[in-house]
Protein chains: 2
Amino acid sequence: MPKPSILPAWLEQPPLAGSRRAIFKWGAPDRWYHPKPGFIRYLNARLGLDSADWGALRDIGAEKVELSSSEILEASHLQALTAIVGPENAQADDFSRVRYACGQSAEEILLLRSGNPPAASGLVLHPRNSDDVRAIVHYCHHHHIPITPFGGGTSVTLGVRSAKGGITLVMRTHMHRVLEFNETNQTITVEPGLLGPEYEACLNQAPERFKARQRYTGGHFPQSFEFSTVGGWIAALGSGQQSSYYGDACDLVLGQSYVTPLGDLATGGYAATATGPKINDLMKGSEGAFGVLTAATLRIFRLLPDNRRRFAFMLPGWQEAAAAAKEISQAEFGMPSMLRISDAEETEAALQIYGLNHPLVDKFFRLRGLLPARRCLLIGQSDGEKHFSRNVARQSKRICRRLGGLGLSGYPAARWAHSRFLDPYMRDDLFDMGILIDTLETAVCWDRLAEVHAGVRAYITSRPRTVCLTHASHFYPQGTNLYFIFITPIMAVAEYRRFVSGIISKILECGGSLSHHHGVGKMMGPFMQRHLGPEQMAALRAVKRHFDPHGIMNPGGTLGLDLGAD
Amino acid sequence: MPKPSILPAWLEQPPLAGSRRAIFKWGAPDRWYHPKPGFIRYLNARLGLDSADWGALRDIGAEKVELSSSEILEASHLQALTAIVGPENAQADDFSRVRYACGQSAEEILLLRSGNPPAASGLVLHPRNSDDVRAIVHYCHHHHIPITPFGGGTSVTLGVRSAKGGITLVMRTHMHRVLEFNETNQTITVEPGLLGPEYEACLNQAPERFKARQRYTGGHFPQSFEFSTVGGWIAALGSGQQSSYYGDACDLVLGQSYVTPLGDLATGGYAATATGPKINDLMKGSEGAFGVLTAATLRIFRLLPDNRRRFAFMLPGWQEAAAAAKEISQAEFGMPSMLRISDAEETEAALQIYGLNHPLVDKFFRLRGLLPARRCLLIGQSDGEKHFSRNVARQSKRICRRLGGLGLSGYPAARWAHSRFLDPYMRDDLFDMGILIDTLETAVCWDRLAEVHAGVRAYITSRPRTVCLTHASHFYPQGTNLYFIFITPIMAVAEYRRFVSGIISKILECGGSLSHHHGVGKMMGPFMQRHLGPEQMAALRAVKRHFDPHGIMNPGGTLGLDLGAD
C-alpha cells in the first residue's frame with residue numbers, strides 16, 4: 001500500500017473578483033508556491049500536528065466584501081474630488097474602499113478572513129500626475145479630509161489603513177513613469193508608483209530604453225520586490241536583500257518631490273552638501289504623514305552579473321555565525337551584496353525544507369562537530385567589479401573557515417535566490433489550515449545581538465506550540481538586524497494582537513529598535529514614544545504640524561504622531 | 001655676486017599675548033610654514049609682482065585687542081552665569097570676548113588686521129560638563145540671552161561670530177572626554193570639544209588606552225584637523241581628506257546628545273532603522289542653531305596603515321582627469337581613501353611649488369602630449385584590507401592609463417600628505433605681504449562639473465591680477481566637490497565681500513551647491529533661501545522654532561534662519 005501523501009489539498013483557485021480573499025492573497029492571483037513536504041513534516045514535529053490538522057480549509061475569505069455602513073464622503077466632496085481625476089479614476093464601491101485600505105499584515109489577513117474588513121476609506125482616487133495630487137491635497141487640506149497614500153499595498157504595519165476614513169490615493173495606477181534617466185550622474189528620477197520589477201527592468205535595459213552605455217541595477221530587492229513601489233520603499237525606509245552592499249532605501253534617495261498640505265517641496269540633488277540639516281533626509285520614512293511623494297531621484301549601480309560569487313557555510317553555532325558576519329562587516333574589504341545567518345532553529349528548518357536532512361549529510365556534519373540544534377547556516381553573495389567581488393567572497397570564506405565553518409558551495413545561496421520572492425505565497429496556505437505565520441524584525445547593535453536574539457526567541461517559544469525561526473540579513477560595521485518568523489496556531493485577532501504586542505515589548509526591552517526595515521505604520525505607532533522618547537517624538541510632531549497643520553496626512557496613528565500625546 | 005634671495009623676510013615671531021594677531025594667526029603660535037621660492041616665483045609671474053612687493057609687512061595685528069564699547073552683559077546675568085561654571089571658567093576681558101567670536105575666515109582676518117574686531121560676545125564661558133551646559137542654556141533661554149557655541153574656532157563661514165552678542169560657550173576647554181569606547185560595535189562616544197589629533201590618537205592607541213584588540217582610525221582628516229573639534233565637524237558637516245572612503249562627518253555620526261532650549265535630546269544609536277524620519281540626521285549640520293551638542297557617537301574603522309597604496313598620474317587635461325575620477329567613483333571596486341584632481345592652473349602651480357618644473361621633466365611631459373596649461377595632476381591613495389586596497393589602486397591606475405595618464409609613482413601623493421595640514425600656515429605670510437588667499441567650495445553633480453568649473457574660474461580670473469587654483473577632492477558615484485583657491489591683492493573688507501559674494505552667486509548660477517563641506521555659518525546664510533528655496537527654509541525654521549522658540553541659539557544669520565524672511 002503506498003504511503004498516503006503528506007501534502008494537504010491546497011487551495012489553488014484565483015480568488016473570486018470582489019472577494020475578501022482577492023484582497024489578502026499574496027502576489028499574483030493565479031500563482032502559488034506551496035510548503036514543501038519537508039516543511040510540513042517539520043511543522044508536524046514541532047507543533048504537534050498530524051494529517052488531521054491539515055484537512056479542512058478555514059476562513060478562506062471567498063465571500064464578497066460588504067461594508068455594514070455605506071457611509072462614504074459628503075456628496076459635495078465626492079463630486080469635487082471625482083472631478084479632479086475624472087470618474088474613471090475614482091471608486092466608491094465597498095471592495096475598492098476596503099482593498100486600498102489594506103496592506104499585508106497578519107492582522108489585516110485575520111480580519112479579512114474572519115469577515116470583518118479592517119478599515120475603509122470613503123473614496124479611492126487614482127491620480128494621473130502631480131497636478132492631480134496637488135489639487136486633491138489642496139482640496140482635502142481646505143476641507144479637513146484625511147488622505148492615505150497607497151503604493152503597492154505590501155505594508156505589514158497597517159501603513160495604508162484608512163484609520164480616519166477620508167480618501168486613499170493609489171499611486172501605482174498611473175504615477176509610474178520614469179521622469180529622467182541620468183547616466184552621467186548615475187541617477188534615475190521616477191514617479192513613486194513604479195513597481196519593483198518595472199523599475200529594475202528599466203535599469204537593466206538602460207541601453208535599449210535610454211541609449212545608455214551600460215546596464216544598471218537599483219540594488220533594492222525587498223521580499224516584497226514584485227509588488228511594492230519605489231515610493232513605498234522610501235516612505236517606510238525599506239531594505240533590500242542586497243542592502244549590505246547597495247544600501248537601504250534611505251541611502252539610495254538623492255532627492256524627492258512632495259505635495260504637502262503646506263505646498264510643494266523639492267529636496268536634495270547633490271551627493272553631499274554642508275548646507276545645514278538635510279530636508280531630503282527629514283522626508284525619508286515619513287510614511288505619508290507629511291505629504292504625498294510625487295517623484296524621487298535614486299542612485300543606481302552598474303549591473304555586473306558575471307562577477308557575482310555565491311558561498312555558504314555551516315558554522316558550529318549562532319555565536320560563531322554572528323562572529324563571522326560581524327568580522328566580514330568590519331574587516332574593510334567591502335561588503336557582500338547579500339549575507340544571511342540563520343539561527344539553529346531556522347537552519348534545521350531550512351535543511352528539512354530543502355531536503356538536505358539526509359542521514360548521511362547529518363552524519364557528515366556531526367563528524368565535523370556541526371551538531372543539530374546548534375549548527376547555523378550562513379549564505380552570502382558578492383557583486384561589483386570582478387576582482388572586488390572575488391576578494392569579498394574569498395575573504396568572507398576565509399573568515400568562515402577560521403570560525404569553524406564548513407564550506408557548502410554556492411548551492412544554498414542559489415537555492416535561496418531562486419525562491420526569495422516566492423516564500424510569502426506559503427503564508428496563504430498555512431492560514432488556510434489555521435496556522436499563523438508572521439514576522440517581526442528589529443535593528444541591533446552588535447553588542448545587543450545575543451541578548452535580543454535569546455530574549456525574544458525565549459519569549460516567542462514560551463507560547464505553547466510555537467516555532468520561532470530567526471535570521472540576520474542586513475549588515476553594517478556597527479550592527480545588523482534580526483528577523484523573527486513565528487508560526488503558531490492562532491486565528492483570533494485579539495489573541496494575535498496580545499502576542500505580537502508582547503514580542504515587540506520584549507524586543508525593545510532587550511535593546512532592539514522598533515523596526516529595521518518594515519516601517520512603523522499604525523501598528524508600531526503606539527510604541528514610538530516609548531522607543532524614541534518624548535523629545536524625538538516632539539520634534540517629529542513639530543515637523544508634522546509644519547507640513548500638515550490640520551493633520552489630514554495618513555492620520556490615525558502613523559508613526560505615533562497623532563495618538564493624543566500631542 | 002650671489003643672486004639675492006627671492007625670499008621675503010617672513011614674520012617669524014609668536015604673536016604677542018592679547019594681540020589681534022594672536023587671534024587670527026593659523027595654528028600653533030610658534031609654528032610657521034612659509035611659501036616656497038617656487039611659489040613666490042609663480043605668484044610674481046602670475047600676479048605681476050616683483051621683489052619690491054614682498055618687502056614691507058602690513059597690518060600684522062600686533063596691537064592689543066581693544067573694544068571701543070565696554071558693554072557686556074547685565075551685571076545680574078554676568079554674575080549668575082559665572083556662578084554656574086565658576087569664575088575660573090568665565091572671561092569678560094576684551095581679548096577673550098573677541099577671540100572666541102572669531103573663526104578663520106578671510107573676512108575676520110582682514111577685520112582683525114585692520115584694527116576693527118569683527119564681533120564680540122558679552123561673556124565667554126568654558127562649561128565643564130553637560131550639567132553646566134544645561135544650566136547655562138536654561139538660564140539664557142529664560143532671559144533671552146544669545147548663545148554661540150565655539151569648538152575649535154576654525155570656521156571659515158563666520159560660524160562662531162557672536163552676531164547678537166550674548167555669551168560664547170567654549171567647548172574644547174573641558175568637554176573633550178571620551179565617554180565610551182565600544183570595540184564590539186566599532187563606535188566611540190566623545191564630548192564635542194575633543195580636538196582632531198587627540199581623537200585620532202585615542203583610536204590609534206586603542207589597545208593601550210582601552211585594552212582593545214585592534215588599532216582604529218576615525219577616518220576624518222579635514223585640513224583643519226589639528227585645530228578643529230569633533231563637535232565642529234558634526235555641527236558644520238565637514239569632510240575629511242579621506243572622505244571618499246570613510247565618509248563625510250554626516251556619515252560618521254551614529255548618535256548625538258544635545259541640550260536645547262526646549263530640553264535635552266538624545267538621538268540615534270542603531271546603524272539603520274525604519275522608525276520614521278531620523279532626528280539624528282536632522283540635528284547634523286545644525287551649526288548650534290538648535291542646541292548645544294554635548295556628546296556624539298561615531299563610527300570608527302580599523303587602522304591598517306601597512307595596506308596603504310599611493311599613486312599619481314599626469315593626465316592630458318581637465319576633462320580626462322575628471323573622467324578618470326568619475327570612472328574610479330562609479331566602477332564598483334570600492335573607493336580610494338584619498339583622490340584629488342587638480343585643474344591645469346593648480347597643476348602648474350604645484351609643479352613649481354614642489355620644484356618639479358625642471359625643463360627636462362617638462363620636456364618629457366610634452367613628449368607624452370602632456371602640455372602646460374592643459375595637463376592635470378591626479379593623486380590618490382587606497383586603504384582597507386590588503387587585497388581590497390591593492391585592487392583599488394590597481395584599478396584606479398588602469399583607468400588613469402586608459403585616459404592617457406602618465407604614472408608618476410607614489411611620490412606626489414606622499415608629498416601632498418606631508419604638507420596637508422601645513423598649507424594654511426602660508427596664509428598669514430601672504431596676508432602680511434598684502435596678498436589675499438582664500439577659498440570657496442561647492443558640491444556638484446557630475447553633469448555640472450565642467451560648467452561650474454569653467455564658469456566660476458572665468459568669474460574669478462576676470463578680476464585683474466587674480467589667480468584661481470581649483471581641485472576636486474571628495475568623490476561619490478553621483479558627483480564631487482570643487483574647491484576654488486583664489487589669490488589676489490585685496491585688503492579692503494568691502495571689496496573682499498563684493499568679490500566673494502560674486503563668486504558665490506556664480507557658483508549657484510552654474511549649478512553648484514552653496515557648500516560641500518565648509519558649512520553655512522553667517523557668511524553663506526544670506527544665500528540659503530535662494531539656494532534651498534523658501535519651502536526647505538520654512539521647514540528648517542519650523543524645526544528651529546521648535547527647539548529654540550526665543551531664537552537664542554547662534555542667532556544673527558546662522559543657516560539663514562533668522563534673516564527676516566520668517
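Angles under 35 degrees count as roughly parallel, over 145 as roughly antiparallel, 65 to 115 as roughly perpendicular and the rest as oblique. With that in hand, here are some exercises on this predicted model.

**Exercise 1. Classify a helix pair in chain A**

Task: Decide how helix 2 and helix 14 of chain A are oriented to each other, and find the residues where they meet.

Solution: 
- Step 1. Find the geometry. Helix 2 (residues 37-47) and helix 14 (residues 344-353) of chain A pack at about 135°, and their axes lie 7 Å apart.
- Step 2. Apply the classes. Helix 2 and helix 14 of chain A are therefore oblique to each other.
- Step 3. Look at the contact. From helix 2 of chain A come Gly38(A), Phe39(A), Arg41(A) and Tyr42(A); they meet Ala349(A), Gln352(A) and Ile353(A) of helix 14 of chain A.
- Step 4. Sort the residues by class. This contact between helix 2 and helix 14 of chain A has four nonpolar, two polar and one charged residues.

**Exercise 2. Explore the setting of helix 14**

Task: Work out how many residues of helix 14 of chain A are buried, and what they pack against.

Solution: 
- Step 1. Recall the cut-off: a residue is buried if 20 or more other C-beta atoms lie within 10 Å of its own.
- Step 2. Count. Ten of the ten residues of helix 14 of chain A are buried, so this helix is largely enclosed by the rest of the structure.
- Step 3. Pick out some names. Among the buried residues of helix 14 of chain A are Glu345(A), Glu346(A), Glu348(A), Ala350(A) and Leu351(A).
- Step 4. Find the neighbours. The buried residues of helix 14 pack against helix 2, helix 13 (318-330), strand 13 (338-342), strand 14 (376-382) and strand 17 (467-472) of chain A.
- Step 5. Look just past the helix. There, Gly355(A) takes a positive phi of about 65°.

**Exercise 3. Follow strand 4 of chain A**

Task: Which strands pair with strand 4 of chain A, and which way do its side chains point?

Solution: 
- Step 1. Begin with strand 2 (residues 123-125) of chain A. Three bridges join strand 2 to strand 4 of chain A, and the two run parallel. Leu123(A) has Ile167(A) as its bridge partner in strand 4 of chain A.
- Step 2. Turn to strand 3 (residues 147-150) of chain A. Strand 3 pairs with strand 4 of chain A in the parallel sense, over four bridges. Here Phe150(A) is partnered by Val170(A).
- Step 3. Check the directions. In strand 4 (residues 167-170) of chain A, Ile167(A) and Leu169(A) point one way, Thr168(A) and Val170(A) the other way, and all are buried.

**Exercise 4. Read a sheet in chain B**

Task: Give the strand order of the five-stranded open sheet in chain B, and name its edge strands.

Solution: 
- Step 1. Write the order. The five strands of chain B run 5-6-10-8-9, with antiparallel pairing.
- Step 2. Find the edges. Strand 5 (178-182) and strand 9 (263-268) of chain B each pair on one side only.
- Step 3. Zoom in on one pair. Strand 5 and strand 6 (residues 187-190) of chain B are joined in the antiparallel sense over four bridges, and Asn182(B) stands opposite Thr187(B).

**Exercise 5. Bring the two chains together**

Task: How many residues of each chain are in contact with the other, and which element of chain B gives the most?

Solution: 
- Step 1. Count both sides. In chain B, 75 residues are in contact with 75 residues of chain A.
- Step 2. Find the main contributor. Helix 21 of chain B gives the most to the side that touches chain A, with ten residues.
- Step 3. Sort by class. The side of chain B that touches chain A has 32 nonpolar, 31 polar and twelve charged residues.
- Step 4. Helix 16 (residues 386-402) of chain A packs with helix 16 (residues 386-402) of chain B at about 180°, with axes 10 Å apart. The two helices are therefore roughly antiparallel to each other.
- Step 5. Name the residues. His387(A), Phe388(A) and Asn391(A) meet His387(B), Phe388(B) and Asn391(B).

Technical notes: Residues are numbered from 1 along each chain as its sequence is written. Chains are lettered from A and ligands numbered from 1 in the order in which they are written. This is a predicted model: local features need pLDDT of at least 70, side-chain atom pairs count only at pLDDT 80 or more; totals for chains, interfaces and linings use all residues. Two strands pair if DSSP finds at least two bridges between them. Axes are lines fitted to C-alpha atoms, for helices over the stretch in contact, and angles run from 0 to 180 degrees between N-to-C directions. Two residues are in contact if their C-beta atoms, placed from the backbone, lie within 7 Å. Ala, Val, Leu, Ile, Met, Phe, Trp, Tyr, Cys and Pro count as nonpolar, Asp, Glu, Lys and Arg as charged, and the others, Gly among them, as polar. A residue is buried if 20 or more other C-beta atoms lie within 10 Å of its own, exposed if 12 or fewer, and partly exposed in between; C-beta atoms are placed from the backbone.
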